[in-house]
Amino acid sequence: MENIEKLGDRELYAKCQLYGSNARQWAKKFAALLPEVDKRQLYKKHGFYSIFEFAAKLAGMGRETVVDILWVARKLQDKPILKAQMEEQGWAKLRVVANVATIENQKILAEKVKIMSKPTLETFIKELRQQNHELVQSRPGTAKKHETLAISQNAMSGEVPTPPRISVRIPLKPKTELRLRELQKKLSKMAHGPVDFNEVLETLLDTYAAVKTGALEAKEEQAQSLSQLEEIAKEKEQRLQQFEAQAKEKVYKLANSPPSRHIPAVIKKFLSAKFKGRCAYKGCMKLPKIFHHTRRFALNQSHNPDFLMPLCKEHERLAHLGLIDNEEKTPDFWRTQIFPNTNSPKYTIDKIVNSYRGAVCALGG
Ligand SMILES: [Zn+2]
């Protein structure tokens, strides 16, 4: 047996990735067996009182997980194409589609389960439901559970902040805390190293100062009447427009300079202000992870901000799967679609991007 203490950081991390990925794969395989074990009541033959005891003792699997797995299996019992994916794709992904799956749409859904990660699949289904797309019949009260789950998982994976210079205790709403942590993660990624809450708050303050509405906010608080408030709102809008106009000029100049893959910081800043620091997809409140070229950079070497959109990871994946219709128009016109437009030259580019990402995923990157 190898001495773990002697491993370098890289090796130790690589081992964690490998073992973690193996653990997840085997948990999926085990989960896929449970519905059949339950059907046969096989656990009784081996001295277990229930399927829950069976799963806990054999695989350390919690009760709630078992309930979910059996629920998914029940939902999919008459949808063999999806049911067959249980072992390879995992019950958690199938749970996302279980409520909208029908005998008729199972083939299309199975294809999406195969090519999308769980969060992308969740986003895809959510958008279709919001559009009342015929592929999915909206059944209220089913998406909620998954959303809460995703949030609590994210909250748990947030980094522990380093000790602040001055201790301030702020009772935050869970949603605010989550947003701060998401921003912290994003900034850390950009800085290629951990960023503490102090820096997160500084960035927020800087952004605020950049918009130059601070004084107006104070006025707003002291306003006595509705008309005063309206006036302030008007002034605020004007200042924002001024700020945007100045930034725009700078940005468009840069966008037309000789192309490099690197998007200039000023363009990114401009877009962040334009979309208020959010993903550009309508109604998406997530923080953007990537600046997406709606006219692919490979086809059109330009960072024209009209065709550059800050997107969260999930919406960016949908875009590269060719599933956002009208993507070159403003986000108001975007629609999530079921199949990509295979005639578009973008389709070829996207296929290359996706296959590259697939290879990276397979390597555990
Ligand atoms: Zn989004």
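**Reading helix α8 and its surroundings**

Mentor: Let us begin with a helix and its partners. The buried residues of α8 pack against α5 (80-83), α6 (86-89), α7 (91-98) and α9 (118-130). Helices (H or I, at least four residues) and strands (E, at least two) are DSSP runs, numbered from the N terminus. This is a predicted model, in which local features need pLDDT of at least 70, side-chain atom pairs count only at pLDDT 80 or more, and totals for chains, interfaces and linings use all residues. Residues are numbered from 1 along each chain as its sequence is written.

Trainee: Which residues are buried in helix α8?

Mentor: A residue is buried if 20 or more other C-beta atoms lie within 10 Å of its own, exposed if 12 or fewer, and partly exposed in between; C-beta atoms are placed from the backbone. In α8 (residues 106-115), the buried residues are Q106, L109, A110, K112 and V113. Seen down the axis of α8, they fall within an arc of 160 degrees, so they line one face of the helix. That arc is taken from the directions from the helix axis to the C-beta atoms.

Trainee: What does the face of α8 turned away from its buried side carry?

Mentor: That face carries the exposed residues K107, K114 and I115.

Trainee: Why does W71 count as partly exposed?

Mentor: W71 counts as partly exposed because it has 15 C-beta neighbours inside 10 Å. This residue lies in helix α4 (residues 63-75).

Trainee: How many residues does the largest nonpolar core have?

Mentor: A nonpolar core is a set of buried Ala, Val, Leu, Ile, Met, Phe, Trp, Tyr and Cys residues joined through C-beta atoms within 7 Å. The largest one has 48 residues, and L94, V97 and I125 have the most contacts inside it. Its largest share, five residues, comes from α7.

Trainee: Which residues does L94 touch?

Mentor: Two residues are in contact if their C-beta atoms, placed from the backbone, lie within 7 Å. Not counting residues up to four places away in sequence, L94 touches V72, L76, L82, Q85, M86, Q89 and V113. Of these, V113 is also among the buried residues of α8.

Trainee: Where is the pLDDT below 50?

Mentor: pLDDT is the predictor's confidence in each residue, from 0 to 100. The protein chain averages 82, and 85% of the residues score at least 70. Over residues 138-164 the pLDDT is below 50, as it is over residues 361-365.
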